[in-house]
Amino acid sequence: MSGFDLDQLRTLVAVLDAGSLTAAAPKVFLSQSSVSEQMRKLEERAGQALLIRGKSGVSATPAGERLLTHARAILALSEEAYRDLRGVALQGELRLCITDYFRPGDVAGMLRRLNEQYPQVRMHVTIMKSGAIEAAYERGEIDVGISMVILERGAGKGRPQGPVLRRESLLWMAADGAQATRGALPLLALPETCALRQYAERLLSRRSVPYAVAHVASGVAGLQLAIAAGLGVACLNESALAPGITRAQWPGLPPLPEVEFRLLPPRPGEDRFIELAREAIVRAMR
């Protein structure tokens with residue numbers, strides 16, 4: 001019988017989303033060796049290599065990219081058929097709020113896939129700062145929220161402890177080929193209410209690194225443009241690296257911690273539709 005195994009396709013999606021076999025294992029409730037075995041069998045079934053394995057993790061071959069697209073569609077259709085037959089088809093209106101630090105180059109594609117997989121869900125998507133998202137969620141103004149927490153001792157104290165979608169390193173970033181300047185560090189940042197800007201400024205002050213805010217952008221996309229234009233250095237999460245931007249190797253820059261992107265925890269008595277939508281978002285955005 002021809003065709004692919006659904007569990008193997010699900011594991012392929014988890015591996016490529018996570019970037020490594022080890023990171024994918026807990027997402028599909030398997031050991032690392034079982035994940036490796038599933039990928040070996042899937043490549044055997046496909047008749048060609050699907051993954052490029054390296055020291056920094058795994059990525060897809062051109063064939064792997066093609067199969068990944070098919071796998072997402074197949075898994076979504078399987079899920080939709082199950083929900084339909086069980087009388088739990090996903091339909092309704094959803095107010096989703098996302099911090100603009102969350103995978104800025106990928107989030108549009110994720111939302112597009114969600115729309116394709118669940119055409120009966122009407123999503124109202126807003127991009128806001130994490131603190132504003134958490135406040136709006138507390139007031140009941142949004143249904144699902146994704147916020148960012150800095151993983152430094154005490155930094156996330158009192159913040160909502162929902163499911164973790166992703167963990168990334170914070171990096172100092174500058175334009176490709178940019179050279180360190182004499183004098184105060186030209187800092188690029190979001191407005192003063194941004195928690196990451198506040199953190200970066202506190203860190204520079206604690207380490208006695210002289211700096212001056214050289215440019216303030218209204219959002220991450222504008223900050224990326226300012227970095228690529230060579231206006232200075234910014235503190236951003238790793239997935240914000242984009243063409244024209246690289247890790248700044250300037251002397252004196254202090255080390256940075258990691259951040260976590262978390263889905264805000266469900267409210268007591270949450271509507272069944274919101275519960276199902278939350279599960280779909282976790283699958284799509286991990």
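## Basis of the model

Helices (H or I, at least four residues) and strands (E, at least two) are DSSP runs, numbered from the N terminus. This is a predicted model, in which local features need pLDDT of at least 70, side-chain atom pairs count only at pLDDT 80 or more, and totals for chains, interfaces and linings use all residues. Residues are numbered from 1 along each chain as its sequence is written, and side-chain values use heavy atoms, with hydrogens and water left out.

## Overall fold

The protein has 9 helices and 11 strands. Its C-alpha atoms fill a box of roughly 70 × 45 × 30 Å along the principal axes. Of the 286 residues, 45% count as buried, meaning under 20% relative accessible area (1.4 Å probe, protein chains only).

Contact means heavy atoms within 4.5 Å. Among contacts in the protein with a separation of 6 or more, 77% are between residues 24 or more positions apart.

## Helix H5

Helix H5 covers residues 107-117, and Val107, Gly109, Met110, Leu111 and Leu114 are buried there. The buried residues of H5 pack against strand S3 (92-99), strand S4 (121-128) and helix H9 (272-285).

## Thr99 in strand S3

Thr99 is found in strand S3. This residue counts as buried because its relative accessibility is 1%. The C-alpha atoms of Thr99 and Ile127 are separated by 5.6 Å, although the two are 28 residues apart along the chain.

Leaving aside residues up to four places away in sequence, Thr99 touches Ile127, Met128, Ser130, Ile133, Ile146, Ser147, Met148 and Phe261.

How values were computed:
Buried < 20%, exposed > 50% of the residue type's maximum accessible area, 1.4 Å probe, protein only.
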